[in-house]
Amino acid sequence: MAPAGYEPLHKGDPELEGSSDHPESTRTRARKVVCGVVALLGVAFLSASYALRQSTKPNLAAADLTPNVDDRPLPQCPSGLPPPANPPAKVNPFASLTVPETVSISGWLLAPARGLNLTRGDKAGLADNFIYHIEAFRPPKKAAVAYLDNPDAVNPPERFARVTVHHGAAREPYVQDYLVGPLPVGARTGMRRLTEIYHRDAVPYNARGFTSLGELTPLMTMFMPKLAEVTEDLFGGSARGLPNDTLVAGVVAPFSFDGSFRRGWVSWRRNIAGPWLHPVNFFQYVDFSGTDPSQWKVLKIVYNHQVFNTTEAFLAAYHDGTLKRLPARPDQDPSQGEWSTRKRPAVAVERDLDHLPGPRSVSFSGLRFRVDRALQYVSWMGWGMYLGFDRDMGLSLWDLRFRGERIIYELAPQEAIAQYAGNDPMQTTTAWLDRFFGMGSAVRDMIPGYDCPHEAVYLPATTNNFEGSIVRDRAICIFEHDPARPITRHTGYSDGEFGATRGYQLVVRSISTVGNYDYLFDYIFQIDGTIEVRISASGYLQGGYWEPAQEGYGTAIRDTTMGSLHDHVINYKVDLDVAGEENSLLFTSTSQETITQPWFEDDWGAEVIQQKISKKYIENEDDALLKFPQNLQGGYSLVNKDAKNKWGIPRGYAIHPGYSPIHNTVVGSKRLLKNANWARYNLAVSKRKDTEPSSSCQWNLNLPGDPMVDFHKFFDGENITQQDLVAWINVGMHHLPQAEDAPNTRTNLAASSFFLTPLNYFDTDVSMESTNSILLTAPEKAGDAWKFDDYGVGNAHCVPAAVPPFEYRGVQTFGLDGKPAPPATAEEMRKSAELYHRIKIEL
């Protein structure tokens, strides 16, 4: 029998069934039936065995919990599909564009009437005009909130698209954003330059995004094939542009300071699994400015700390014997490269019981969160939110409400930097801003049962680029999680003192793989109104060549491979609306004081040293570029002075540091001079403006001296008392690599988080409302059992559905015409995913 409040779902509802178009095979259905029968027999056997064992035990007190076992077979567990949600509004104003919508917009822009002289992106070259990217442009907050708060009386805000066009055919090539709309395309649709969200005019072409997946191939084919014999001798590998090439390249950024040039250091690695851990210590500094590859050139070659200004000079030193050669590197024998793979190594002793599958979570009464797949809306235990997704940063959360009140308008990652150190041309010049590559476009399908629990619900996401669109069925996963830790508890003896409340959590997750690194984005919702925002990192290190000269810049993880010292800092935008949009920034701290009081005893002296709370409102933006105080003796919160709880205290939400509350170590480097100023702080608070939607943008990577978005310009002396405010919060890690980072970094240590938690927002702890609690009462007579009240939420028993056979299909790709693209080879998928992080020459 289904539990009270459980609403059964219709199996035929495609919105809830998922997006697969493939009918279940007879063989699969048969396998499921067999698994179900086996499971039923197994449960029956275990139940009988358990009952038999219980009958041999001494009689226990009547109040003891006893297994819920009788002669009836256990029922099948409820469907693993989520109950339908009831969104506050029937249109998601933050939804991504669909494939048909991007095709329609593209067709409208390609029309001669637009005067853009566009070439299809999949046919375009550097010197052509083409559409680089199309995505939804978020509506003004005022319009979105008006609709969300009164959807029956107010129309949804009009929809617009942000379109990026590469004007490579212009006399002075440039990149320009356009605002196109309203949508859908029709008689009212128009376009204009989108400039108000940037701090300079059009993007210099030398700061552009990648214009093809093999942009640097023309340059590398100029010099690497003629070096093949030399590289075979020096490294045992070469890059001739053949399928069996044994060397691949990576180029590090930034490529420019202000857009006046486009140059970068190329590093070579072995073309084996995990190439980032197999550098050969050979570098070229290349110039690929402008649109004519015939003008590109090699500016320097560095080998074993020797610098050559031309390829000819390097070859001359090699042939005349003056080249100082690297020592032999037996640890880099390609045939011994499995240490950098994820293949399970041979072990002398197997771990005890590791041959058994581990525990997994099962919702025996059915899933307790609701999902509207079409609207991408999720609700759970009083929480509700819309989801968005974009090319630059992926998953974002909108209109987050708790118990019917909006807490946050927007919660979204903004940028992720990784700044390296080293004693070679690659590591010492690397300062990645991963938004450039598209952390959303780098999302791939998650691995069911490994990236997310078996009963997780997956949602799709679509992104667009110059070749077409990518749709991922498993871009986002949602699941309820039992951390096996009560959110509150106490052992007591008076009536009403003893009990606990289960600390269930809802997790919304997405994973982005940007070249060598994997980022796990988690949003963790709790029943007391707290949100934990957590990021975890895994994947491969950006390895360097280990030698004594690298001491202090990293750690040897092999005889001649090192993990390089670097910082990760990831910035989030948190548009809190605490009891309304008018909020103030409060700093609360503690300090030591020495006081005297007339009642102090002579035994201890006339003074007491203790701590005291101080509170201060920060009233000006310029004072709101913040670091956490020493010893974390203080914190920041957004409060509404005009909305108070029952006890007369302003209602607020506090920003609590979680794991690894860091900011960037290096300040003043030209490679991060102005393009990531946000990374200098733990957090910052500014007045919210529609013209300041993000702390960064795609092109900031290659414009550190004159960025398109200069975060410091957000702070221009405005008053932030009872204003609509945005908190820009950083997480990250100082990554001091270690041997255990090979082959992949571990998410348990490479993690950082912050908490958004009620601060006098309520009158009391609202988690006490949960019926997933227990209250114990002491026995009236010594020796009797304790009485308990579980509020009618007992343990449920049923037979879970069999876990489906494992299957991984990858993403769906669509051409510019919206039709499904042919299946891609593994090498094609890799080229698309890894971009500048792994470049294989192709003739």
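The model is predicted, so local features need pLDDT of at least 70 and side-chain atom pairs count only at pLDDT 80 or more, while totals for chains, interfaces and linings use all residues. Residues are numbered from 1 along each chain as its sequence is written, and side-chain values use heavy atoms, with hydrogens and water left out.

Helix H6 spans residues 228-235, where helices are DSSP runs of H or I with at least four residues, strands are runs of E with at least two, and both are numbered from the N terminus. Its buried residues are Ala228, Val230, Thr231, Leu234 and Phe235, buried meaning under 20% relative accessible area, exposed over 50% and partly exposed in between, with a 1.4 Å probe and protein chains only. Seen down the axis of H6, these residues fall within an arc of 155°, so they line one face of the helix; the arc is that of the directions from the helix axis to the C-beta atoms. The buried residues of H6 pack against strands S6, S7, S8 and S9 and against helix H7 (311-320). Glu232, which is partly exposed at 33% relative accessible area, forms a salt bridge with Arg240 at 3.7 Å between the closest N and O atoms, a salt bridge being a side-chain nitrogen of Lys or Arg within 4 Å of a carboxyl oxygen of Asp or Glu. After H6 comes Gly236, whose phi is positive, near 70°.

Elsewhere, Arg406 sits in strand S15 (residues 405-420) and counts as buried at 14% relative accessibility. The side chain of Arg406 makes polar contacts with the side chains of Asp149, at 2.7 Å, and Asp399, at 2.6 Å; a polar contact is a pair of N or O atoms within 3.5 Å, where within protein one must be able to donate a hydrogen and the other to accept it, and residues adjacent in sequence count only if both atoms are side-chain atoms. Asp399, buried at 1% relative accessibility, also meets the side chain of Arg401 in a salt bridge of 3.1 Å, N to O.

The structure holds 39 salt bridges, including one of 2.7 Å between Arg688 and Asp690. Salt bridges that share partners join Lys141, Asp575, Asp577, Arg688, Asp690 and Asp724 into one network.

On the surface, Tyr450 is exposed, with a relative accessible area of 68%, and lies in the loop between strands S16 and S17.

Notes. Contact means heavy atoms within 4.5 Å.
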